[in-house]
Amino acid sequence: MNMLTVLLADTTEAAAGFSDTALIAIAAAVAILVAAGAAIAMGIAVGKALESIARQPEADKKISKTLILGLVFIETCIIYALVVAILIIFVM
């Protein structure tokens, strides 16, 4: 047996004790945790950008532009996680 087969068998046996509703709730919770982690990352990024602007005020335009681009990527990750959570809850 290869490693993937063993892992899938273990996962199937572990999931056998849970109902479908419980597994859906766990999957949705994981997706929401991803969104929460990304929100924390956004806060850290903004804080670091403000520290950088405080140290080098002449570079504020370049730092702000890079910050906005990074925040857009993080926000996209959050939106995808929330869409996945909604799909898990209402479709599956």
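**View 1. Arg55 and Glu51 form a salt bridge, with their closest N and O atoms 3.6 Å apart.** The structure shown is a predicted model. A search of the whole structure finds one salt bridge. Arg55 and Glu51 are four residues apart in helix H2, so about one helical turn separates them. In an α-helix there are 3.6 residues a turn, so residues three or four places apart point the same way. Arg55 is exposed, at 64% relative accessible area. Glu51 is partly exposed, with a relative accessibility of 38%.

**View 2. Helix H3 runs from residue 60 to residue 90.** Helix H3 has 31 residues, and the distance from its first C-alpha to its last is 44 Å. This is close to the 45 Å expected at 1.5 Å a residue.

**View 3. Seven residues named here are the buried residues of H3: Ile63, Leu67, Leu71, Ile78, Ala81, Ala85 and Ile88.** Helix H2, residues 20-55, is included in what covers these buried residues.

**View 4. Five residues, Ala49, Ala59, Ile63, Leu67 and Leu71, make up the largest nonpolar core.** Three of the core residues come from H3, which is the largest share. Ile63, Leu67 and Leu71 are also among the buried residues of H3. In soluble globular proteins, nonpolar side chains tend to be buried together.

**View 5. Ala49 is in contact with Ile63 and Leu67, leaving aside its neighbours within four places in sequence.** Ala49, Ile63 and Leu67 all belong to the largest nonpolar core.

Conventions: Residues are numbered from 1 along each chain as its sequence is written. This is a predicted model: local features need pLDDT of at least 70, side-chain atom pairs count only at pLDDT 80 or more; totals for chains, interfaces and linings use all residues. Side-chain values use heavy atoms; hydrogens and water are left out. Helices (H or I, at least four residues) and strands (E, at least two) are DSSP runs, numbered from the N terminus. The expected span of a helix is 1.5 Å times one less than its number of residues. Buried means under 20% relative accessible area, exposed over 50%, partly exposed in between (1.4 Å probe, protein chains only). Contact means heavy atoms within 4.5 Å. A salt bridge is a side-chain nitrogen of Lys or Arg within 4 Å of a carboxyl oxygen of Asp or Glu. A nonpolar core is a set of buried Ala, Val, Leu, Ile, Met, Phe, Trp, Tyr and Cys residues joined through side-chain atoms within 4.5 Å.
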